[in-house]
Amino acid sequence: MQRIITATVQNSSGVLNRITGMLSKRAFNIESITVGTSEIEGISKMTFVVDVSDESKIEQLTKQLNKQIDVLKVNDITDYSIVARELALIKVGSTSATRSEIQGIIEPFRARVLDISRDSMIIEVTGKPDKVEALADLLQPYGIIELKRTGVTAFRRGKQPRQQVQDFGSISI
Amino acid sequence: MKTQTQNEMKIEEQEQKLRTGADLFIESLVEQNVDTVFGYPGGAVLPIYDALHRAEAPFQHILCRHEQGLIHAAEGYARVTGKPGVVIATSGPGATNLVTGITDAMMDSLPVVVFTGQVSTAVIGTDAFQEADVIGITTPITKHNYQVTDLKELPKVINAAFHIATTGRPGPVVVDIPKNIAQEISDESFSRDFHLPGYQPTVKPNPLQIRRLAEALATAKRPVLLAGAGIHFADADKELLEFAEKYNLPVTTTLLGLGSFPGGHEQALGMAGMHGSYAANMAIYEADLLINIGARFDDRLTGALQHFAPNAKVAHVDIDPAEIGKNVETNIPVVGDAKEALQGLLKIDIEKEDCTEWYKSVLDNKSSSPFWFERSDDLISPQWLIEELHRETSGEAIITTDVGQHQMWAAQFYQFNEPHKWVTSGGLGTMGFGVPAAIGAQLGRPGETVVSIVGDGGFQMTMQELAVIKQHQLPIKLIIVNNEALGMVRQWQEDFYEERYSSSLMTENPDFVKLAEGFGIKGVRVANEADVPGVMKEVFSYDGPVLVDARVQKLDKVFPMVAPGKGNHEMLGVRRCSE
């Protein structure tokens, strides 16, 4: 199953290496990692999308992350009401004949054209991973020359529904 | 004239204040009350060694003959004293030679602080002479590591390193110090205060969980305790004894938990696991409540997980929350220090169900199926040799070992009655650990008898450290259990690889007695059982180091045994006493 984990980390040197090293050492299957600075100086936020076989694995993952000295906080936010977004750049083959057709396809996705050349165009799309995948699917017939995705970054929404699912990320015992 | 003198004094004062990073480093170690450092000089740590020279022996410096010797000695020191072992090595090869021992310390949670030299910051990343990416290499094998790139960070980082290594679940911390940082001159005093917001180990267990554990114990009909190395680290052996006696609980231990509960105690079932006792393994197999205090459910302990404590509610006390539920599903997790947890449990008076039947059956197993071995007419059986060692040292020696058959025999037949006296490489299973670990142990506890039981294979991995034993006249007794083989490898080849002894027979061993003599150490060979008592007397009455080349029966195997992939109830080689 796919889980989304967020971590707040101290921005010390080698922190990303420390965390990815731990994940690979313990054989966790990471689908994406994003990392960037936060609203507090010296503190970075990371978002992981992981594929795990069961709940005990995700519990082990969050505990191992928590064990890192540079990690301040870990949450499994999968079961919360969240905002999760990624950005993708897609370079797709296009000629003058297909250009407007492609524009028509991307419009409902609120994607933008960033660059146009004689035989290709670059499209920027932001959204949940399935939205990015859906757009990429539709563009496939035109020939995708290059596709780059940033990976998911995610937040919990300000207001959570009343009934909350168990939060594996902050098990306190 | 007067003013000139004052000026001169001022200059002198200033010169006194001026000190290098290396001086600051030495000061920081002194502030940490370091009394022994295991070190080896080299290019990148020359400034540190010069400062050490200037400081005029601020602490004892032990020059091992290989960096692997340094780190294992530091581990041995840490294991018997509870204080952090401190290591200094140079950059590149100095640092990479430590890797095995750092991993060993990580696996066995030993507090070790390792300082490695590094090339100057200006050339880091250029493949400079003796440069290695020590931070990259040691990140997966340390609790934490630091590279100091600014002199003002040095005192703070050193303090943080000691704090991290010795608190919570102990472990190794590496501090990498570039040469120019050690050389940098400064008259400033830097802050030593560190701030680790992401590191706050839970020491006090949640009282609710303690209460749950107590309730589980109240209703349990077949309870059993499992004591791990956490008891040693928390100095909780007295509390464990009190708790076990209060409720008449049978006690099993892990390999590293040996000595946390007196081996000769009526309630002691001994070590559990692959080569554990039948009584210990069956007690865990049949238990309805398993209380694990400070053990990490290693695979050598559990055997096949589906058969491990299959009917038991599992309570697990561990200071490292990540160990709870990692291997064995846990019903009652208790995060905290073993001593605190036991004290919490002792405060509650539990009305316990009657467990007399259970206790009786457990003790029946203990008396009917003890560890056994066969003696031949004249050859020395290794197990008997260990029993003789126990007799000769009244069971009070500090024992260090490598890994393999001799280690298991020591665990089975040297009955440990006291904590902090069993120094062995558990998790990593490192050959070559025993001799340097004995050096660290002897330096840490000079008044104690230290016996290093090693195999002929492992001994040859770190035998250069005999020079250190000689240099410091450490009265260590080295017993080479010499079966001219990598015994455990040979045993597995016999049992699981149809006796294809591929590269496991050591047919060209050196003459160990002559070797010892070459190092200036007394060497003795013993090959007949009848000679053993005499040799033992000679060895233990001798006031100095002795190496004993004990030629033992070559084909002995360690029994009983849980074959790989099997459950602990399926032990091979269990013998019942005839009576």
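## Salt bridge between the chains

Across the interface of chain B and chain A, the rule finds one salt bridge (a side-chain nitrogen of Lys or Arg within 4 Å of a carboxyl oxygen of Asp or Glu). The partners are B:Asp320 and A:Lys67, whose closest N and O atoms are 2.6 Å apart. This is a predicted model, in which local features need pLDDT of at least 70, side-chain atom pairs count only at pLDDT 80 or more, and totals for chains, interfaces and linings use all residues. Residues are numbered from 1 along each chain as its sequence is written, chains are lettered from A and ligands numbered from 1 in the order in which they are written, and side-chain values use heavy atoms, with hydrogens and water left out.

## The interface of chain B and chain A

The same interface has six residue pairs in polar contact, both residues being at pLDDT 80 or more. A polar contact is a pair of N or O atoms within 3.5 Å; within protein, one must be able to donate a hydrogen and the other to accept it, and residues adjacent in sequence count only if both atoms are side-chain atoms. On the side of chain B that touches chain A, β6 (144–147) and β14 (332–335) of chain B each supply at least two residues. Helices (H or I, at least four residues) and strands (E, at least two) are DSSP runs, numbered from the N terminus. By type, the residues of this side are 10 nonpolar, six polar and four charged. Ala, Val, Leu, Ile, Met, Phe, Trp, Tyr, Cys and Pro count as nonpolar, Asp, Glu, Lys and Arg as charged, and the others, Gly among them, as polar.

In total, 20 residues of chain B are in contact with 16 residues of chain A, where contact means heavy atoms within 4.5 Å. The two chains bury about 1,500 Å² between them, 57% of it on carbon and sulfur atoms. In chain B, the residues that lose the most area to chain A are B:His144, B:Gly198 and B:Ala322, together 29% of what that side buries. Buried area is the accessible area (1.4 Å probe) that two parts lose on being put together, summed over both.

## Domains of chain B

Chain B is divided into domain 1 (18–186), domain 2 (207–368) and domain 3 (382–551), with bounds from an automatic or database domain assignment. The C-alpha centres of domain 1 and domain 3 of chain B lie 29 Å apart. Their contact takes 22 residues from domain 1 of chain B and 27 residues from domain 3 of chain B.

Domain 1 and domain 3 of chain B bury about 1,900 Å² between them, of which carbon and sulfur atoms give 65%. Across this interface the rule finds zero salt bridges, while eight residue pairs are in polar contact, both at pLDDT 80 or more. On the domain 1 side, β3 (60–62), α4 (67–81) and α6 (99–107) of chain B each supply at least two residues. The largest share, 10 residues, comes from α4(B).

## Strands

Chain B has an open sheet of six strands in the order β16-β15-β17-β18-β20-β19, with parallel pairing. β16 (422–423) and β19 (522–526) of chain B are at the edges with a single partner strand each, so one side of each has no neighbour in the sheet. Two strands pair if DSSP finds at least two bridges between them. Five bridges join β17 (450–455) of chain B to β18 (477–482) of chain B, and B:Ser452 has B:Leu478 as its bridge partner in β18(B).

In chain A, β6 (112–116) and β7 (120–127) pair in the antiparallel sense over four bridges. They form a hairpin with three residues between them, and the bridge partner of A:Val113 in β7(A) is A:Ile123.
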